[in-house]
Amino acid sequence: MLTYICSRYRADSEEQFVEQLEYTKDKAKIEVLTGNDVIVPHLYYPLFLDDNIESERTLGMESAIRLMETCDRVLVCLKYGVSSGMLAEIVHAIENNIEIIETV
């Protein structure tokens, strides 16, 4: 099963940012250890796209949404709340009948 990981990227502090990334990596690892494959765009897109440049953020979000369309389900990670980017992903999943699983 191919799982799209939807979790918060932007943070209010560097400490929270690091915590959020570790949380996302932990959720992705659990998916892989249980036999699923994962797509986690916000773990690698920032390596070549600048999230602080609106045009690059938009391109990254559009590309991530296209990747989501290849997935069997979306894992929505709620520990740090729902960001505007996550909300767009959730809405797209609902509109395209992609299964949504919530986790904390």
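Student: Which residues does His-42 touch, not counting residues up to four places away in sequence?

Tutor: His-42 touches Ile-5, Ser-7, Arg-8, Tyr-9 and Thr-24. Contact means heavy atoms within 4.5 Å. This is a predicted model, where local features need pLDDT of at least 70 and side-chain atom pairs count only at pLDDT 80 or more, while totals for chains, interfaces and linings use all residues. Residues are numbered from 1 along each chain as its sequence is written, and side-chain values use heavy atoms, with hydrogens and water left out.

Student: Which side chain does the side chain of His-42 join in a polar contact?

Tutor: That of Ser-7, at 2.8 Å. A polar contact is a pair of N or O atoms within 3.5 Å; within protein, one must be able to donate a hydrogen and the other to accept it, and residues adjacent in sequence count only if both atoms are side-chain atoms.

Student: Is His-42 buried or exposed?

Tutor: His-42 is buried, with a relative accessible area of 13%. Buried means under 20% relative accessible area, exposed over 50%, and partly exposed in between, with a 1.4 Å probe and protein chains only.

Student: Where is His-42 placed?

Tutor: In helix α2, residues 41–44. Helices (H or I, at least four residues) and strands (E, at least two) are DSSP runs, numbered from the N terminus.

Student: How many helices and strands are there?

Tutor: The protein has four helices and four strands. Along the sequence they follow the pattern β-α-β-α-α-β-α-β.

Student: What about Gln-20, which helix is that in?

Tutor: Gln-20 belongs to helix α1, residues 14–33. Gln-20 counts as buried, at 1% relative accessibility.

Student: What does the side chain of Gln-20 reach?

Tutor: It reaches the backbone oxygen of Tyr-9, at 3.2 Å. Leaving aside neighbours within four places in sequence, Gln-20 is in contact with Arg-8, Tyr-9, Arg-10, Ala-11 and Tyr-80.

Student: New topic, aromatic rings. How many aromatic pairs are there?

Tutor: Rings of Phe, Tyr and Trp (its six-membered ring) pair if their centres lie within 6.5 Å; planes under 30 degrees apart count as stacked, over 60 as edge-to-face and the rest as tilted. By this rule the count is four aromatic pairs. In one of them, Tyr-44 and Tyr-45, the ring centres are 5.3 Å apart and the planes are at 70°, so the pair is edge-to-face.

Student: And why is the pair of Tyr-45 and Phe-48 tilted?

Tutor: The ring centres of Tyr-45 and Phe-48 are 5.5 Å apart and their planes are at 50°, so this pair is tilted. Tyr-44, Tyr-45 and Phe-48 form one aromatic cluster.

Student: Is Phe-48 buried or exposed?

Tutor: Phe-48 counts as exposed, at 56% relative accessibility. Tyr-45 counts as buried at 12%, and Tyr-44 is partly exposed at 33%.

Student: What is Gly-60 in contact with, leaving aside its neighbours within four places in sequence?

Tutor: Gly-60 is in contact with Tyr-45 and Leu-49. Gly-60 is found in helix α3 and is buried, with a relative accessible area of 10%.

Student: Now the largest nonpolar core. Which residues touch the most other members?

Tutor: A nonpolar core is a set of buried Ala, Val, Leu, Ile, Met, Phe, Trp, Tyr and Cys residues joined through side-chain atoms within 4.5 Å. The largest has 15 residues, of which Tyr-4, Cys-6, Met-68, Val-74, Val-76, Ala-93 and Ile-98 touch the most other members. The elements that give two or more residues to this core are β1 (2–6), α3 (54–68), β3 (73–77) and α4 (84–95). Apart from it lies another core of six residues, among them Ile-5, Tyr-23, Ala-28 and Leu-75.

Student: How much of the protein is made up of buried residues?

Tutor: Buried residues make up 41% of the 104 residues.
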